[in-house]
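Me: Hi! Could you walk me through this model? I'd like to go through it piece by piece.

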Amino acid sequence: MRSTNGDCVVIGLGCPFLSDDSIGPRVIRELAAGMEESWRLVESHAGGLLLLEELAGATRAIIVDALLDSRRTPGEVVVAGIHGSSQNAACGHDCTLLQALTIGRAMGLDLPTDMNIHLVAVVADDVTTFAENLSPRVASALPEACRTVRLLARGSLFANKEAA
């Protein structure tokens, strides 16, 4: 799904058929349903180098993804800078987000600065079960994740760069 052009791109990462892994695309769909802002909304199923095309030309970026972290409670919404970790921002078949940004900038792509890229991660309960439903705790976090993205995109919230 792609929607509208703007200086801010919101990328929802994840597989729509893997339970909580689908939180990124679900946030994008929720935002698109009530969208009034000029953000560009993108669903993506892989990270790494594949994100460069979506990030190119944007001034700011928000990446929404599932987070696997046994120290946190499933359904917790975590906001971080690009040094935060998530389920899909790095692609096991190519590189991490930081490596992709380095490559993209070396190629001369117009990418957001590190300070203008934020990660909104929802702590996942289950990212391996083939299901179109989120687990109950992650489903209950969907409205908060959407609110968090809206606040970040409007410049009303700033990421804790070390949170995730």
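**Cysteines and beyond**

Reply: Happy to. By the rule that a disulfide is a pair of cysteine sulfur atoms within 2.5 Å, the count here is zero. This is a predicted model, where local features need pLDDT of at least 70, side-chain atom pairs count only at pLDDT 80 or more, and totals for chains, interfaces and linings use all residues. Residues are numbered from 1 along each chain as its sequence is written, and side-chain values use heavy atoms, with hydrogens and water left out.

Me: Okay, is Cys 146 buried or exposed?

Reply: Cys 146 counts as buried because its relative accessibility is 4%; buried means under 20% relative accessible area, exposed over 50%, and partly exposed in between, with a 1.4 Å probe and protein chains only.

Me: And how accessible is Cys 15?

Reply: Cys 15 has a relative accessible area of 23%, so it is partly exposed. Cys 15 is also one of the residues that Ser 22 touches, along with Pro 16 and Leu 134, leaving aside residues up to four places away in sequence. Touching is a contact, meaning heavy atoms within 4.5 Å.

Me: Where does Ser 22 lie?

Reply: Ser 22 is in the loop that links strand 2 (8–13) to helix 1 (23–33). With 1% relative accessibility, Ser 22 is buried.

Me: Let's zoom out. What order do the elements run in?

Reply: From the N terminus the order is β-β-α-β-α-β-β-α-β-α, with four helices and six strands in the chain. Helices (H or I, at least four residues) and strands (E, at least two) are DSSP runs, numbered from the N terminus.

Me: How much of the chain is buried?

Reply: Of its 164 residues, 51% count as buried. Among contacts in the chain with a separation of 6 or more, 80% come from residues 24 or more positions apart.

Me: Back to strand 2, which strands does it pair with?

Reply: Strand 2 pairs in the parallel sense with strand 4, over five bridges, and in the parallel sense with strand 3, also over five bridges. Two strands pair if DSSP finds at least two bridges between them. Val 10 stands opposite Ile 62 in strand 4, while Val 9 has Arg 40 in strand 3 as its bridge partner.

Me: Switching to strand 5, which of its residues are buried?

Reply: In strand 5 (residues 77–80), Val 77 and Val 79 are buried on one side, and Val 78 and Ala 80 on the other. The relative accessible area of Ala 80 is 0%.

Me: How does strand 5 pair with strand 6?

Reply: Strand 5 and strand 6 (residues 117–123) are antiparallel partners over four bridges. Val 79 has Val 120 as its bridge partner in strand 6. The C-alpha atoms of Ala 80 and Val 120 are 6.6 Å apart, though these residues are 40 residues apart along the chain.
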